[in-house]
Amino acid sequence: MRRIAGTGDRRSPLHFRGATMLRILIVVILLCLGIGEARAAEALKKIRIASKAAGESLVPYVIPQRLGFYREEGLDVDVIVTRGTVTTQVVVSGAVDYSNGGSIPAILGGARLKILQVSTDKPSQYLVVSPKITNMKQLNGKIVAISDSSGNSTLLFRELLSKNGVAVETVQLRALGEPSVRLGALLGGAVDATMITVGMARQAQAKGFRILAYSGDYVSSLSANLETNDDKIQSSPDEVYKVVKATLKGQLFYHRHPNEAAKFIMEVLRISDFNEAKEIWRERDKQASDIAKIGRATEEVMMTNIERVREQLRAVGATSRVKGPVTLDQVYDFSFVKKAYEEIRASKWDAMRYEYVKK
């Protein structure tokens with residue numbers, strides 16, 4: 001066979017055919033891999049969680065999102081920030097799957113909801129008093145600034161007084177609204193005491209005022225981490241379990257790995273001071289007893305919180321909204337978080353293996 005001058009290529013047609021087949025094979029493999037990745041992404045179930053506020057309320061969900069705990073359970077979680085009672089309403093309507101809104105008022109009104117997991121069981125407020133007051137008994141006859149006559153912090157303050165043998169009737173309660181206004185009234189000498197969070201309490205302390213008590217040493221206050229409607233529990237128990245388990249892992253990481261948890265706090269709250277974030281972590285950790293750290297609460301605490309909500313509704317004249325007595329299992333369902341914790345513990349899962357991951 002005569003060679004065509006100038007081509008310089010002596011490879012056979014079989015070589016070209018083989019190379020073409022190899023290219024086709026590579027393309028097919030890449031396509032298959034792409035399809036596989038797409039199907040894997042499609043396999044993740046979309047879950048919507050409503051948070052009652054931005055900021056620190058988002059941390060319990062950001063951690064399992066970022067560290068892949070939701071993805072390990074086949075979930076793609078989207079967190080939506082709502083406000084107040086809207087957070088509960090969107091769960092009742094089915095517009096979102098889960099929330100942290102605090103659904104007890106709605107449940108007392110007949111809504112078919114359950115609290116699945118709690119994050120804390122102690123309040124955040126401190127009782128701050130004028131320098132002249134050194135013990136609780138000295139509050140007799142004194143003026144105390146409260147938010148309003150039926151607010152949660154007011155009811156907590158009443159319980160705090162009762163636990164310390166002080167009759168509420170002997171204290172002059174003055175409704176002043178927002179914490180900043182109450183702090184100003186205390187610093188200005190218009191009132192003798194008020195209940196405020198640790199940041200404001202430290203401001204007052206720096207000016208010579210006294211932090212007389214941490215309310216959590218005397219009274220309880222539950223904060224829901226996950227709640228959903230009864231239809232979801234009945235129709236999708238496997239999904240509920242997976243959401244609870246992944247969220248619980250995030251909660252365990254938060255309490256067991258403080259330095260890494262503080263980094264998430266810095267990101268979510270947009271603060272640059274690690275020590276400030278660590279202090280926020282300490283306060284949050286203080287608000288959770290050992291049982292709350294694993295997502296549950298004692299029967300006594302559960303009942304106390306239900307009755308406190310009843311008292312709030314009575315105080316605002318909304319008793320007509322209460323359908324009647326409720327049992328604990330009509331409000332709380334800790335079966336999922338209990339099972340999840342037992343499985344996590346049995347698997348020897350270690351929160352210390354994980355570190356903060358940037359977005």
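This is a predicted model: local features need pLDDT of at least 70, side-chain atom pairs count only at pLDDT 80 or more; totals for chains, interfaces and linings use all residues.
Where is the place of Val198? Val198 sits in helix H8, which covers residues 198-206.

Val198 has a relative accessible area of 18%, and because the limit for a buried residue is under 20%, Val198 counts as buried. In sequence, Val198 and Gln125 are 73 residues apart, yet their C-alpha atoms are 6.8 Å apart in space. If we set aside the neighbours within four places in sequence, the contacts of Val198 are with Ser124, Tyr126 and Glu283. Of these, Glu283 is one of the buried residues of helix H12.

Of the 359 residues, 47% are buried. Taking contacts between residues at least 6 apart in sequence, 79% join residues at least 24 apart.

Let us turn to helix H12, residues 274-286. H12 has 13 residues, and the distance from its first C-alpha to its last is 18 Å, close to the 18 Å expected at 1.5 Å a residue. Its buried residues are Ala277, Lys278, Trp281, Glu283 and Asp285. The elements that cover them include strand E5, H8, H10, H11 and helix H13.

Helix H11 comes next, at residues 258-269. Which residues of H11 are buried? They are Glu260, Ala261, Ala262, Phe264, Ile265, Met266 and Val268.

After H11 comes Arg270, with a positive phi near 60 degrees. Arg270 is a residue other than glycine, and its place is in the loop between H11 and H12. Its relative accessibility is 78%, so Arg270 counts as exposed, the cut-off being over 50%. Lys348 also has a positive phi, of about 60 degrees, although it is not a glycine. Lys348 lies in the segment after H16 and is exposed, with a relative accessible area of 71%.

How do H10 and H11 meet? Two packed helices are described by the angle between their axes and the distance between the axes. Here the axes of H10 and H11 come within 6 Å and cross at roughly 110 degrees. H10 is therefore roughly perpendicular to H11. On the H10 side, the residues in contact are Phe253, Tyr254, His255 and Arg256; on the H11 side, they are Pro258, Glu260, Ala261, Phe264 and Ile265. By class, this contact has 6 nonpolar, 1 polar and 2 charged residues.

I now come to the aromatic rings. How many aromatic pairs does the count give? The count comes to 8 aromatic pairs. In one of them, Phe69 and Tyr354 have ring centres 5.0 Å apart and planes at 90 degrees, so the pair is edge-to-face. Phe69 belongs to helix H3 and Tyr354 to the segment after helix H16, so the pair ties together parts that are 285 residues apart in sequence. Phe69 and Tyr354 are both buried. Another pair is Tyr254 with Trp281: the ring centres are 6.5 Å apart and the planes stand at 35 degrees, so this pair is tilted. Tyr254 is in helix H10 and Trp281 in helix H12, and the pair links parts of the chain that are 27 residues apart. Both Tyr254 and Trp281 are buried.

Finally, I turn to helix H14, residues 299-315. The 17 residues should span 24 Å at 1.5 Å a residue, and the end C-alpha atoms are 24 Å apart, in agreement. The buried residues in H14 are Val301, Met302, Asn305, Ile306, Arg308, Val309, Arg310 and Leu313. Their cover includes helix H5, helix H6 and helix H15. H14 is followed by Gly317, which has a positive phi near 70 degrees.

Thank you for your attention.

How values were computed: Residues are numbered from 1 along each chain as its sequence is written. Side-chain values use heavy atoms; hydrogens and water are left out. Helices (H or I, at least four residues) and strands (E, at least two) are DSSP runs, numbered from the N terminus. The expected span of a helix is 1.5 Å times one less than its number of residues. Buried means under 20% relative accessible area, exposed over 50%, partly exposed in between (1.4 Å probe, protein chains only). Contact means heavy atoms within 4.5 Å. Axes are lines fitted to C-alpha atoms, for helices over the stretch in contact, and angles run from 0 to 180 degrees between N-to-C directions. Angles under 35 degrees count as roughly parallel, over 145 as roughly antiparallel, 65 to 115 as roughly perpendicular and the rest as oblique. Ala, Val, Leu, Ile, Met, Phe, Trp, Tyr, Cys and Pro count as nonpolar, Asp, Glu, Lys and Arg as charged, and the others, Gly among them, as polar. Rings of Phe, Tyr and Trp (its six-membered ring) pair if their centres lie within 6.5 Å; planes under 30 degrees apart count as stacked, over 60 as edge-to-face and the rest as tilted.
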